[in-house]
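Below is a brisk report on one predicted model.

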Amino acid sequence: MTPAPDARTQPGRRAASVEVVVIGGGVIGAAAAWQLARRGHDVLVLEKDELGHPRVTSHGATRIYRQSHTSPAQVELAVESLHRWRELEHETGAALLHLTGGIDHGDPVRTAAVAASLAAHGIRHQWLESAEASRLWPGLRFDGPVLHQPDSAGRLRADQAVAALTAAAIGRGATVRHSTPVERVDVLDDDLAEITIPGGTIRARRVVLAAGAWTAGLIGDLVALPALRVTEEQPTIFRPVGATPCVVGDVRWPTLIHHIGPAQGWPASVYGIGVPGVGVKVAFRGTGPDWQPDVRDPRPEPAQLSRLQRYVEHYLPGLDATDPAPRSCTFVSTPDAGFLVDRTGPLVVAAGFSGHGFAVAPALGRMVADLSADAPTARTLSPAASR
């Protein structure tokens, strides 16, 4: 998957210029590299870790894909990304996105706002009474009406998606180097930056900063960024109970968004997604403690895990709440939970996606490619209401 290093980046040599350097080989960086390479740009991707390393924010088996947001900008990104995920599947032969259908329930005001957004964008949906929803999904419990999106939500194969984006970028001529940390970035003028790596430097007309939790540290004071908060989240996989009809990986276990929070006695809203052959991943959204890059504690936080088990016991009776398998991932969030996609001089920043970036990565990659062009229009996406 990773080509041999070329003379441009061999340690100990003064690197020649590259048109675009992408820092970060996770899903956003790989999507940007694919879009840039498709347009014929000379692209070099630098990733500090090896492909699929657990420190990379994009690692893991599955991620949610859905169009059920209240922000028009995020709905449009999701709709565009569905088309681009299918393009990627066609280009690489990989099966990445499986539409299982999705459901939203809980807070009636929030759920009604999601329904209004779906209607405004012509996205098919239907309301189900809780008894009908329980009949369709016996492993789930509902307190009120359920908003069902039968063909606009599902799951992405996360590790495979990053690998496919990387392969597609390489196939279009990009160079990708893993295990290559970036030590610093210096802006030389409006159309030139210098990147320092072990043993040398690289000059580029554009530098895309898509380094997840490490983005703020790389930028320093070069760009006036909103405060990016990195938290350690604890999604947990639970196995189905016995022969429950909610078959993992089948459409009978939909993508789940439960709009609850402190008013109902829970830390935050909850999402759930099937992990084929393993179980169902369930998590509170954005409630983890602050996390420092390179200092990851793999141990689960016991109080949060206990509350999640109580949630599963009450609302997901089709899962075994007594046998959790905690995982670890990071959220990088802006103060308003918006998306930061912006350009200053030669630097294009793509960061702070608050756990929503993976599903819309192909569209974000297209935006990065647009901003990297000679006539940029800087945009900061702020779908603060999309949580």
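## An aromatic cluster

F284 and Y311 are both buried (under 20% relative accessible area with a 1.4 Å probe and protein chains only; over 50% is exposed, and in between is partly exposed). The structure holds eight aromatic pairs. Rings of Phe, Tyr and Trp (its six-membered ring) pair if their centres lie within 6.5 Å; planes under 30 degrees apart count as stacked, over 60 as edge-to-face and the rest as tilted.

One of these pairs is W266 with Y311. Their ring centres are 5.5 Å apart and the planes stand at 90°, so the pair is edge-to-face. The pair links distant parts of the chain, 45 residues apart. W266 sits in the loop between β15 (255-259) and β16 (270-275), and Y311 sits in helix α7 (residues 302-315). W266 counts as buried at 13% relative accessibility. Y311 is buried too, at 0%. Y311 also pairs edge-to-face with F284, at 6.3 Å centre to centre and 70° between the planes. This pair again links distant parts of the chain: F284 is in strand β17 (residues 279-284), 27 residues from Y311 in α7. Ring pairs join W266, F284, Y311 and Y315 into a cluster.

## Helices against α5

The chain has eight helices and 21 strands. Both are DSSP runs, numbered from the N terminus: helices are H or I with at least four residues, strands are E with at least two. Two packed helices are described by the angle between their axes and the distance between the axes. Axes are lines fitted to C-alpha atoms, for helices over the stretch in contact, and angles run from 0 to 180 degrees between N-to-C directions.

Helix α1 (residues 27-38) and helix α5 (residues 158-171) have axes that come within 8 Å and cross at roughly 25°. That makes α1 roughly parallel to α5 (under 35 degrees; over 145 is roughly antiparallel, 65 to 115 roughly perpendicular and the rest oblique). The contact (heavy atoms within 4.5 Å) is made by V27, A30, A31, A33, W34 and A37 of α1 and V162, L165, T166, A168 and A169 of α5. α1 passes α5 in a left-handed crossing: the near helix is turned anticlockwise from the far one by less than a right angle, whereas clockwise would be right-handed.

α2 packs on α5 at about 65°, with the axes 10 Å apart. The two are therefore roughly perpendicular. This crossing is left-handed. W85, L88, E91 and T92 in α2 meet A161, A164, L165 and A168 in α5.

## An enclosed helix

How many residues of helix α8 (residues 361-371) are buried? The count is 10 of the 11, so α8 is largely enclosed by the rest of the structure. Among them are L364, R366, M367 and L371. The buried residues of α8 pack against α1, α2 (72-92), β12 (200-209), β20 (340-344) and β21 (347-351).

Across the chain, 56% of the 387 residues are buried. Residues 24 or more positions apart account for 73% of the contacts with a separation of 6 or more.

## Confidence and conventions

Mean pLDDT, the predictor's confidence in each residue from 0 to 100, is 87 for the chain, and 86% of residues reach 70 or more. pLDDT stays under 50 over residues 1-13, where the model has 33 contacts beyond four places in sequence. Residues 382-387 also stay under 50, with 22 such contacts.

In this predicted model, local features need pLDDT of at least 70 and side-chain atom pairs count only at 80 or more, while totals for chains, interfaces and linings use all residues. Residues are numbered from 1 along each chain as its sequence is written, and side-chain values use heavy atoms, with hydrogens and water left out.
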